[in-house]
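Welcome, and please have a look at the chain shown here. The report below walks through its helix packing, its nonpolar cores and a few backbone details.

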Amino acid sequence: MNFCRTSEYNVKFPIGDLKISYCERGIHSIENKTDITFKQTPLEFSSSALKETIQWLKYYFDSNFEVTQKSVPPICPSVFISKGEFKGRVWKTLMRTAPPGHTVSYGELAMACGSAGASRAVGTAMATNPLLLVVPCHRVVRANRSIGAFSGGNGIKKWLLTHEGVQFQGDMVQNEIKNSHSDPGAQQSRTLSSFMTADDPGKLRNCSKGLSSPGGIKSRIGMAPFPL
């Protein structure tokens, strides 16, 4: 078993206060915190994993989904190993098959994992997902396209999906982002497969350089600039 020496970093984002746990090999968790004593940690860049994670989150909240699809923050391999083979497989499959602006049901995700009928187990994997946003459990909905549950609260889940371009009628998904790819999940699989492998699921290939912000969805919030 691998034992990592982890550090924590607190940062404020539009959905609330986030705590990032990381080691020298990559991030271990991103959590939404509601502690009233929360204070943002002074920004230090002794860790490249932390720097790349903060930059990835900034791209996400700036609606720069072109970049967030083509790269992921470095994830410590122990995250997938320590939580069990099935959960790791579900999380990695979700990252490949549900790009921003698209949703997948628990049953569809179970089938994509090769475990048809394991919807309940997929739900447990979503409920215990340690990597908020990076493993996009907010894109998993019920079979009837109602929003379903979310550990961070259904209000945040709906905000995130709306931010990505999903339209709702009440709590029912109505329309998703349309693009030129007939199979958006397959496209996501091709792009992320360049960055994630079975041997090193957290390995990052930084393709953000040279990419400009897409001209599609504009952010619905005003982001204070980070001192990057």
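Leaving aside its neighbours within four places in sequence, which residues is M126 in contact with? Please keep in mind that this is a predicted model. Beyond those sequence neighbours, M126 is in contact with V90, W91 and L94, and also with Y106, L109, C137 and V140.

## The nonpolar cores

M126 also stands out in the largest nonpolar core, which has 46 residues: together with I20 and L109, M126 touches the most other members. The biggest contribution to this core comes from helix α1 (residues 48-61), which gives 6 residues. Another core lies apart from it and has 6 residues, including V141, V166, F168 and V173.

For background, nonpolar side chains tend to be buried together in soluble globular proteins.

## How α4 meets α6

Two packed helices are described by the angle between their axes and the distance between the axes. For helix α4 (residues 85-97) and helix α6 (residues 119-127), the angle is about 80° and the axes are 10 Å apart. Angles of 65 to 115 degrees count as roughly perpendicular, so α4 and α6 are roughly perpendicular to each other.

Which residues make up this meeting of α4 and α6? From α4 come F86, K87, V90, W91 and L94, while α6 brings A121, V122, T124, A125 and M126. By type, the residues of this contact divide into 8 nonpolar, 1 polar and 1 charged.

## T93, another residue of α4

Helix α4 is also the place of T93. Is T93 buried or exposed? Its relative accessible area is 4%, and buried means under 20%, so T93 is buried. Leaving aside neighbours within four places in sequence, T93 is in contact with L109, A112 and C113. L109, as noted above, is among the residues that touch the most other members of the largest nonpolar core.

Most residues other than glycine have a negative phi.

S63 has a phi near 65°, a positive value in a residue other than glycine. S63 sits in the loop between α1 and α2 (65-70), and at 2% relative accessibility S63 counts as buried.

R145 is not a glycine either, yet has a positive phi of about 75°. You will find R145 in the loop between β5 (140-141) and α7 (154-163). With a relative accessible area of 21%, R145 is partly exposed.

Methods:
Residues are numbered from 1 along each chain as its sequence is written. This is a predicted model: local features need pLDDT of at least 70, side-chain atom pairs count only at pLDDT 80 or more; totals for chains, interfaces and linings use all residues. Side-chain values use heavy atoms; hydrogens and water are left out. Axes are lines fitted to C-alpha atoms, for helices over the stretch in contact, and angles run from 0 to 180 degrees between N-to-C directions. Helices (H or I, at least four residues) and strands (E, at least two) are DSSP runs, numbered from the N terminus. Angles under 35 degrees count as roughly parallel, over 145 as roughly antiparallel, 65 to 115 as roughly perpendicular and the rest as oblique. Contact means heavy atoms within 4.5 Å. Ala, Val, Leu, Ile, Met, Phe, Trp, Tyr, Cys and Pro count as nonpolar, Asp, Glu, Lys and Arg as charged, and the others, Gly among them, as polar. A nonpolar core is a set of buried Ala, Val, Leu, Ile, Met, Phe, Trp, Tyr and Cys residues joined through side-chain atoms within 4.5 Å. Buried means under 20% relative accessible area, exposed over 50%, partly exposed in between (1.4 Å probe, protein chains only).
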